[in-house]
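Please read this briefing with the sequence and the structure side by side. It takes the side chains topic by topic.

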Amino acid sequence: MCGRFANASNPDQLKASFRVQFPAVNPPQTGAGEGAASGHNLAPRWNIAPGTMIDTITGDEDRSMTPAHWGLVNPKSPRPLINARGETMLEKPTFADAARHRRCVVVATGWYEWKAPRQPYYIRRRDGAPMALAGLYRLNADHQPAERSAVIVTRSAVAGLGEVHHRAPLLLGPESLNRWLDPSCPEAVIEAMVLPEDGGDLEWYPVSAEVGSVRADHEGLMQRDDSHGQVTPAQMELF
């Protein structure tokens with residue numbers, strides 16, 4: 001599951017990490033909800049929620065940063081589809097065509113996950129570098145709610161991280177990113193990429209419950225907070 005993430009990378013970092021090019025002119029991002037930045041990461045976003053615009057990388061040799069609306073209309077539910085299970089994406093009619101022909105990368109610096117009952121955690125790379133999350137996209141008729149919509153591909157969480165949540169985004173390293181964006185990549189190779197890895201370059205820690213509000217969007221959301229759900233001695237002295 002991935003229902004909230006952060007993207008604080010600037011264009012220079014993304015160019016260096018992913019060899020991606022930015023449009024000369026940033027188009028307005030129609031359909032963006034509260035907290036969404038206009039243009040491509042012109043300002044850090046610390047609490048990106050479904051229904052807003054996200055930055056995606058598309059293209060094989062000529063990679064470009066392309067805005068997309070996060071979430072696909074789900075005819076069986078009022079809630080949009082924001083994730084696709086990697087293990088079944090090539091089988092499900094909703095995702096099969098995109099999994100074969102319209103794969104993308106969602107740019108992030110980390111994502112949030114909730115451990116039962118209500119403790120949020122922040123997961124990121126230990127070195128703080130930008131992350132490439134595997135994604136799928138589709139083109140929307142009449143550009144509604146935007147020119148394209150995207151979902152984040154998930155798989156079983158790696159050892160340790162599974163204690164926070166049993167699902168996690170499919171993270172792409174340099175080589176797997178190349179294969180993911182290559183439209184000629186065999187299906188068997190794509191399927192093999194969904195297998196869990198050791199996750200040794202990841203770290204995670206508890207953060208403030210404030211991240212649960214889509215209106216909250218500041219760097220403090222990513223800071224470690226071990227007091228969630230606890231009453232501190234200073235608070236007890238007030239009673």
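The model is predicted. Three aromatic pairs are counted in it, along with six salt bridges. The largest nonpolar core has 29 residues, and a second, separate core has 24 residues.

**Aromatic rings**

- A pair of aromatic rings is described by how far apart the centres are and by the angle of the planes.
- The ring centres of phenylalanine 5 and tryptophan 70 are 5.2 Å apart, and the planes stand at 65 degrees. Angles over 60 degrees count as edge-to-face, so this pair is edge-to-face.
- Phenylalanine 5 belongs to strand 1 (residues 5-7) and tryptophan 70 to strand 4 (residues 64-70), so the pair ties together parts 65 residues apart in sequence.
- Phenylalanine 5 is buried, with a relative accessible area of 0%. Tryptophan 70 also counts as buried, at 0% relative accessibility.
- In the pair of tyrosine 112 and tyrosine 122, the ring centres are 5.0 Å apart and the planes are at 45 degrees, so the pair is tilted.
- Tyrosine 112 lies in strand 7 (residues 110-115) and tyrosine 122 in strand 8 (residues 119-125), so this pair ties together parts that are ten residues apart in sequence.
- Tyrosine 112 and tyrosine 122 are both buried. Together with Tyr205 they form one aromatic cluster.
- Arginine 103 lies over the face of tryptophan 180, at 5.7 Å from the ring centre.

**Helix 3**

- Which residues of helix 3 (residues 174-181) are buried? They are Ser176, Leu177, Trp180 and Leu181.
- These residues cover an arc of only 130 degrees around the axis, which puts them on the same side of helix 3.
- Pro174 and Glu175, on the other side of helix 3, are exposed.
- The buried residues of helix 3 pack against several elements, among them helix 1 (11-18), strand 3 (53-58), strand 6 (103-108) and helix 4 (187-192).

**Nonpolar cores**

- In soluble globular proteins, nonpolar side chains tend to be buried together.
- Within the largest core, the residues that touch the most other members are Ile57, Met89, Val105, Leu136, Leu172 and Trp180.
- Two or more residues of this core come from each of helix 1, helix 2 (96-101), strand 6, strand 9, strand 10 and helix 3.
- Leaving aside residues up to four places away in sequence, isoleucine 57 touches Phe18, Val20, Arg63, Ser64, Met65, Cys104, Val105, Val107 and Leu181.
- The second core includes Cys2, Val106, Trp111 and Leu202.

**Salt bridges**

- Arginine 102 and aspartate 97 meet through their side chains in a salt bridge, at 2.8 Å from N to O. Arginine 102 is partly exposed at 22% relative accessibility, and aspartate 97 is partly exposed at 39%.
- Glutamate 203 and arginine 124 form a salt bridge at 2.6 Å, N to O. This pair links distant parts of the chain, with glutamate 203 in strand 12 (residues 202-206) and arginine 124 in strand 8, 79 residues apart. Arginine 124 is partly exposed, at 28% relative accessible area.
- Arginine 125 has a salt bridge with aspartate 127, where the closest N and O atoms are 2.6 Å apart.

Methods. Residues numbered from 1 in each chain as written. Predicted model: local features only at pLDDT ≥ 70, side-chain atom pairs only at ≥ 80, totals over all residues. Heavy atoms only, no water. Phe/Tyr/Trp six-rings, centres within 6.5 Å; stacked < 30°, edge-to-face > 60°. Helix = DSSP H or I, 4+ residues; strand = E, 2+ residues; numbered from the N terminus. Buried < 20%, exposed > 50% of the residue type's maximum accessible area, 1.4 Å probe, protein only. Lys NZ or Arg CZ within 6 Å of the ring centre and 35° of its normal. Arc of directions from axis to C-beta. Contact = heavy atoms within 4.5 Å. Core = buried A, V, L, I, M, F, W, Y, C linked by side-chain atoms within 4.5 Å. Salt bridge = Lys/Arg side-chain N within 4 Å of Asp/Glu carboxyl O.
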